Each structure stands twice: as structure tokens, then as C-alpha cells.
Amino acid sequence: MSLLLDEQVPGGRYADPAPIPPPVPGQHWLRRMMPIIRPYALLLTVGFVSAAANMWLRVEIPSVSGRAIDRALIHHQEPIGTYARELALMGAGVLVFGITFRYALQRAAFEIEYTLRVLLFRQFSKLSFSFYDKVQTGQLVSRANSDVRSVQMFLAFGPMIGVSLVSFLAALFMMLRIHVLLTVVTLLCLPLVFASAKKMHKWMFPVSWVVSARQADIATIVEENVGGAQVVRSFAAEASQITSLDRAAQRLQWASVRMADIRARYGPLVQNLPRVGLALLLLYGGHLVIDNQITVGNLYSFTAYVMLIQLPFMMLGFLIMQAQRASASAQRILEILDEVPDIDDRPGAVDLVDCRGDVEFRGVRFSYRDGTDVLAGLDLDLRSGETVALVGRTGSGKSTVARLIPRFYDVGDGSVVIDGHDVRDLTLHSLRANVGLVLDDSFLFSGTVFENISFGRPDAPQEEVLAAARAAGAEDFIDRLSDGYDTIVGERGSTLSGGQRQRIAIARTLLVNPRILILDDCTSSIDAHREHEIHGALKTLMAGRTTLIIAHRLSTIALAQRVVLLDGGRILADGTHDQLLRDVPEYAEILRQAETPHHGPDGAVPDDHHLAAVPASELPVDDDVPKGIA
Ligand SMILES: Nc1ncnc2c1ncn2[C@@H]1O[C@H](COP(=O)(O)OP(=O)(O)OP(=O)(O)O)[C@@H](O)[C@H]1O
Ligand SMILES: [Mg+2]
């Protein structure tokens with residue numbers, strides 16, 4: 001994945017988001033995100049200026065209306081048409097600036113959101129497997145989603161609310177110019193509005209977090225149940241799954257009801273308190289008009305201002321909450337972006353060119369996070385072009401050996417060497433381009449058969465893709481599919497059989513033409529009777545490459561010239577199948593277990609258990625199997 005992403009889209013608009021500088025303690029997140037905000041500075045400025053113009057006009061309109069009432073309606077000093085024209089112009093201005101600022105601010109916020117997503121996705125595809133071992137991927141992704149959204153919301157609404165706070169000050173100034181005491185009386189209830197709005201948000205903030213966390217829980221349960229539907233049904237576990245979903249839904253409902261409760265209590269308070277202020281305004285302002293201290297127009301302007309002013313007050317609480325949330329979200333985003341991948345090109349890493357395919361493990365010690373050694377001083381030598389079968393009990397570390405070659409993990413001690421280079425001295429791109437991996441779970445992407453085969457080389461010419469499919473023995477069944485190569489395979493390739501998926505995975509690897517090939521248990525999901533059908537494809541795949549084939553089944557082991565037995569993190573034995581069978585009792589034991597996974601109720605083993613004890617020369621394998629074992 002990372003290989004694709006590292007190649008920059010030539011001329012692409014988002015080809016290269018500016019990198020975020022390293023953390024400085026105590027620095028505000030907005031400052032750290034500056035490099036990705038700066039490209040939109042112009043857009044943000046346009047938005048900000050239009051928002052200011054919009055707000056200014058909205059503050060002006062009540063005072064013009066007030067003047068119109070006084071001069072045109074009461075004193076007939078000027079024709080009403082003049083004011084109507086002026087108000088119409090101002091209204092148009094409010095409209096135009098309103099459109100501009102909303103568009104500009106939202107556009108900038110969405111562009112920044114996009115950049116953040118690109119950065120996060122790149123980081124996700126760069127982070128090492130050891131990182132994913134310690135986090136829950138689903139949670140990580142859904143959290144990253146909501147975090148990006150809350151930063152985007154803050155960027156879009158923050159400036160708007162900021163400007164409306166300024167408009168509050170402007171309106172306040174206009175009101176004070178008309179009558180100071182009336183202003184004070186009118187605004188008496190605003191602190192109450194603010195206090196209740198703040199209180200509401202203070203309660204809402206944690207509850208809304210709980211709500212989104214519980215939504216994520218439900219999403220996880222639903223996702224697992226859709227993905228694992230066959231497991232759920234085969235265990236007839238629907239009832240218990242529904243119960244657990246039901247519980248999660250109840251927890252969400254509880255939190256949502258809490259939120260509705262808080263909103264119901266404080267919402268009307270916040271919205272209607274200003275109306276109490278309106279009554280006070282009418283009472284005291286009315287007296288002032290009667291006493292000729294202010295005009296009717298003034299009283300009208302005041303009324304309009306009160307309505308104008310309450311909005312920023314209500315939103316202030318929202319802004320404070322949004323700012324807190326955005327800050328927490330930004331910290332988490334930055335935390336992910338700051339996570340240094342364990343596995344990356346070291347400075348001065350060289351490209352692996354003209355790979356011969358000599359692979360060597362030198363005293364490799366390795367453990368996953370828990371610290372128990374999976375490999376304890378493993379020495380293994382794969383010579384260019386040979387096929388070696390790696391055999392061992394389940395959990396003995398075979399897949400781990402496989403993962404160390406393309407450097408999915410780094411060794412704890414010792415080294416993995418390819419063509420004389422420590423893999424840590426090679427660029428990841430060139431290393432992985434030369435190592436092909438076919439896994440037992442041949443993961444396909446939802447897309448066409450063609451796209452899946454050309455996954456590693458999306459620009460491969462059609463003939464090569466078809467040739468790869470042919471060589472993998474996939475051509476026949478693809479031709480029989482409803483749309484041939486354009487047939488869409490379901491998520492993870494679910495509409496194909498295990499063997500069909502496997503062949504597409506083999507074609508996919510063939511197309512990339514790697515020098516070193518690792519087949520991890522890749523025939524295990526295939527029925528033993530049908531297995532020989534893909535052996536032809538495997539042989540094509542292995543021809544002329546260094547191949548490490550991890551196998552349980554004798555028939556698969558038969559594809560190799562040499563067998564290596566892994567036990568206790570070390571190589572216990574190394575030789576031909578016949579030698580091992582003769583000299584190493586553990587080997588025969590492991591083969592016996594592999595061939596008879598299901599013992600009968602009385603401990604009886606099915607008939608074919610004797611297979612393992614048969615010398616390779618008498619094995620029922622295809623005629624064209626390399627006879628190295630014999
Ligand atoms: N990502 C991981 N994090 C922590 N421990 C792991 C991880 N992957 C494997 N292990 C542990 O490492 C040991 C070796 O696992 P590995 O997958 O290499 O075995 P294997 O020989 O391939 O087994 P199998 O034949 O069942 O595929 C096991 O004990 C396993 O529990
Ligand atoms: Mg394995």
C-alpha cells in the first residue's frame with residue numbers, strides 16, 4: 001500500500017501536503033497545523049472579510065430602519081423610498097457577503113479536512129504492523145474520522161462566531177450611543193443567557209462524547225456481525241449477538257436521552273431569556289419615548305439589536321465547546337501523525353537492484369511486544385532459485401519468519417540478509433518490490449477481477465495481466481464468470497471460491513514477478529482433493545525464484561527440494577523429506593498431526609494418516625512435481 005502512496009501523483013493538487021513540524025511543548029495546535037492551513041490563507045481571509053462586512057451591514061440595518069421610522073414616517077423629512085432603496089441595497093449586501101463568507105470558510109475548512117485525511121491515510125499506510133498490533137484498527141479509524149470532522153467544524157464556524165462576537169460589540173456601541181441606561185436595562189438578562197448557555201454546553205460536552213463513543217461501539221458490533229455473518233450463523237449465535245447489540249443500543253439510548261434532556265432544559269431558557277429582556281425594553285424604553293428622551297425609531301433599533309445580540313451570546317458557548325473539542329481532536333490527530341513508524345528507510349538506504357534472491361537469516365532473535373522469544377537465534381539459508389519448505393507446529397513462528405523477509409517487523413537481534421545486504425539497509429520500496437507474498441487468506445479488494453490481478457502494477461498492459469491469469473490457472477474460471485475480467489468480486493472477494501481467490505492472488509503475485517516468493521500456508525483453505533489443481537499454478541509461480549513455502553500438507557511440501565523444520569525458535573532439522581522422515585521423529589509427528597486434524601470421537605484417526613510415513617517416492621503427487629524429495 002505504502003508503495004503506491006509514496007509515488008506522488010504528478011501535477012496532482014494534493015500530491016504533497018506540507019509536512020507538519022515536529023512537536024514543541026506547549027505549542028497551540030493551530031500553530032502546528034499552520035503548514036496545512038497556510039495554503040488556504042487567501043480563502044480564509046476572503047471569508048473573514050466577507051463575514052465582517054456581512055455582520056457590519058446587519059448591525060447597520062436596524063439603525064437605518066430606526067432613522068427611516070423617525071425621519072420618513074414620523075417627521076416626513078425625507079421620502080420613505082430613499083430608505084427603502086438603502087435597505088434593499090444593504091439587504092443585497094448581506095446576501096452577497098453571506099454567500100461569500102459561508103462558501104469561503106466552509107471551502108477552506110473542507111480543503112483542510114481533505115489534507116488532514118490524506119496525511120492521516122498516508123500515515124496509516126506507513127505505520128508499522130507493530131503499531132497496529134497494539135491499537136484497535138476499527139476504533140482508530142472511526143476516531144480519526146470524527147476527530148477530523150470536529151477540527152473541520154471548528155475551522156468553518158470558529159471565524160464566523162468570532163466575527164459575530166465583534167458584531168456584538170458593534171451593536172453594543174450603537175446601543176450605548178442611543179441611551180446608556182436603556183442599554184444596561186436591556187442587557188440585564190444577557191449574562192443569564194450566557195451562563196445558561198455555558199452550563200448547557202458544559203453538560204453537553206461530556207455527554208456528546210459518550211454518545212459518539214457508543215455509536216462507534218454499535219458500528220463495531222454491526223460491522224463484525226456483517227463481516228462474520230457466517231460464523232455467527234454457523235454457531236447459531238444470532239440471539240446472543242442481538243442481545244449484545246441490544247445492550248449497546250440501550251447504552252446509546254441512555255446517553256442520547258441524557259443529551260435530549262439537557263437540551264430540553266437549557267435550550268428554551270437560552271432562547272427565551274432575551275424575550276424577558278424585550279419586555280423590560282418596552283417598559284423602560286416606552287417611558288423614554290413618552291418623555292421624548294429617545295425616538296420611536298431608536299426603540300425599534302434597540303429591539304432589533306437585542307435579537308441580533310443574543311445570537312453570538314448563544315453561540316459563544318458553542319464556540320467554547322467546539323474549541324475544546326477541536327483541540328482534543330487535533331491533539332489526537334497530531335499524536336497519530338507524530339507516531340514514528342518503527343520501520344522506515346534509514347538514511348542512506350540503498351535500492352535492491354538486480355536481486356539474485358539469496359536470503360539468509362543470521363542468528364535472528366525476535367519477539368512480539370510481549371517479549372517472549374518467537375525466534376531464538378534462527379539460522380537459515382535460502383539459495384537463489386531454490387524452493388524450501390518450512391515446516392513446524394502451529395505457533396512455532398513460521399509466519400513470523402515470513403514476515404521478517406519483507407521487513408514487516410524488524411529483528412530483535414541478528415539480521416536478515418538479502419544478496420549480502422541487511423534488509424534494514426535497503427529501501428522498503430525496492431525490498432518489497434522483490435518479495436512476493438501469497439497468504440492463506442488471499443485478501444482481494446472489492447473491484448473487478450482485472451483490478452485485483454493488476455493490484456501491484458495498476459499500469460500493467462492488458463496482455464500481461466491476461467498472461468498472469470493464464471499462468472496462474474485462473475483463465476478458465478474467469479472466462480466463465482458473468483462479466484469475465486470485469487466481474488466485480490464482493491468485499492474481500494467473497495463471491496469467489498477459496499481456490500478461485502487463491503488463483504487470483506497467485507496471478508497478482510506473478511504479475512509483479514518478484515525474485516523472492518513466500519507462500520504462507522496458501523493452500524490450507526483449499527480442499528485436499530482440489531489442491532492439486534492449483535499446484536500447477538504454484539509451480540509456474542515458483543519457477544526460477546527463491547521460494548519459501550510454508551506448509552502443513554505433505555502434498556504441498558512435495559513441491560519443495562528441501563525441507564526445514566522449525567522448532568523452539570530454531571531450525572531443528574534441514575534436509576530432504578526422506579532424510580527428515582528417517583532421522584527426525586518430530587517431523588513425522590508434525591506431518592501426522594497436519595494430515596489428521598480431526599480425530600474421531602473415540603480417538604481413532606482417519607485412514608490416510610499413514611501418508612506421512614510413506615517415503616516421498618511413493619507419494620500420490622502429480623507427475624510433474626519436482627522430484628527433489630525423492
Ligand atoms: N502480531 C502478533 N503479535 C503478538 N504475537 C504474535 C503476533 N503474531 C504471532 N504472534 C505469536 O507468535 C508466535 C508465532 O506465530 P506465527 O504466526 O509465526 O506461527 P506459525 O508457525 O505461522 O503458526 P501457524 O502454523 O498456526 O500459522 C505465536 O505464539 C503467536 O501467538
Ligand atoms: Mg502461520
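Biologist: What should I know about numbering and confidence before I start?

Modeller: Residues are numbered from 1 along each chain as its sequence is written, while chains are lettered from A and ligands numbered from 1 in the order in which they are written. The model is predicted, and local features need pLDDT of at least 70, side-chain atom pairs count only at pLDDT 80 or more, and totals for chains, interfaces and linings use all residues.

Biologist: How many helices and strands are there in the protein?

Modeller: Helices (H or I, at least four residues) and strands (E, at least two) are DSSP runs, numbered from the N terminus. The protein has 22 helices and twelve strands.

Biologist: What share of the residues counts as buried?

Modeller: A residue is buried if 20 or more other C-beta atoms lie within 10 Å of its own, exposed if 12 or fewer, and partly exposed in between, with C-beta atoms placed from the backbone. Of the 630 residues, 32% count as buried. Two residues are in contact if their C-beta atoms, placed from the backbone, lie within 7 Å. Of the contacts with a separation of 6 or more, 79% are between residues 24 or more positions apart.

Biologist: How do I read a sheet?

Modeller: Strands of a sheet pair through backbone hydrogen bonds, either parallel or antiparallel. Here two strands pair if DSSP finds at least two bridges between them. One open sheet has six strands in the order β6-β9-β10-β3-β11-β12, with mixed pairing.

Biologist: Which strands does β9 pair with?

Modeller: β9 (residues 516–520) runs parallel to β6, joined by five bridges. Val-435 has Ile-516 as its bridge partner, and Leu-437 has Ile-518. β9 also pairs with β10 (residues 546–550), again in the parallel sense over five bridges, where Asp-520 stands opposite Ile-550.

Biologist: Why is β9 described as largely enclosed?

Modeller: Five of its five residues are buried, so β9 is largely enclosed by the rest of the structure. In a regular strand the side chains alternate between the two faces of the sheet. In β9, Ile-516, Ile-518 and Asp-520 point one way, and Leu-517 and Leu-519 the other.

Biologist: What is the order of the four-stranded sheet?

Modeller: This open sheet has the order β2-β1-β4-β5, with antiparallel pairing. Its edges are β2 (373–382) and β5 (421–422). Five bridges link β1 (residues 359–367) to β4 (residues 413–418), and Arg-362 stands opposite Ser-415 in β4.

Biologist: Which residues are around ligand 1?

Modeller: A residue is near a molecule or strand if its C-beta atom, placed from the backbone, lies within 6 Å of it. The residues around ligand 1 include Asp-133, Tyr-368, Lys-398 and Asp-521. Helix α13 (residues 398–404) gives the largest share of the shell, three residues.

Biologist: Is Arg-492 in a helix, a strand or a loop, and what is it in contact with?

Modeller: Arg-492 is in the loop between β8 (488–489) and α18 (498–512). With 15 C-beta neighbours inside 10 Å, Arg-492 counts as partly exposed. Leaving aside neighbours within four places in sequence, Arg-492 is in contact with Phe-443 and Leu-444.
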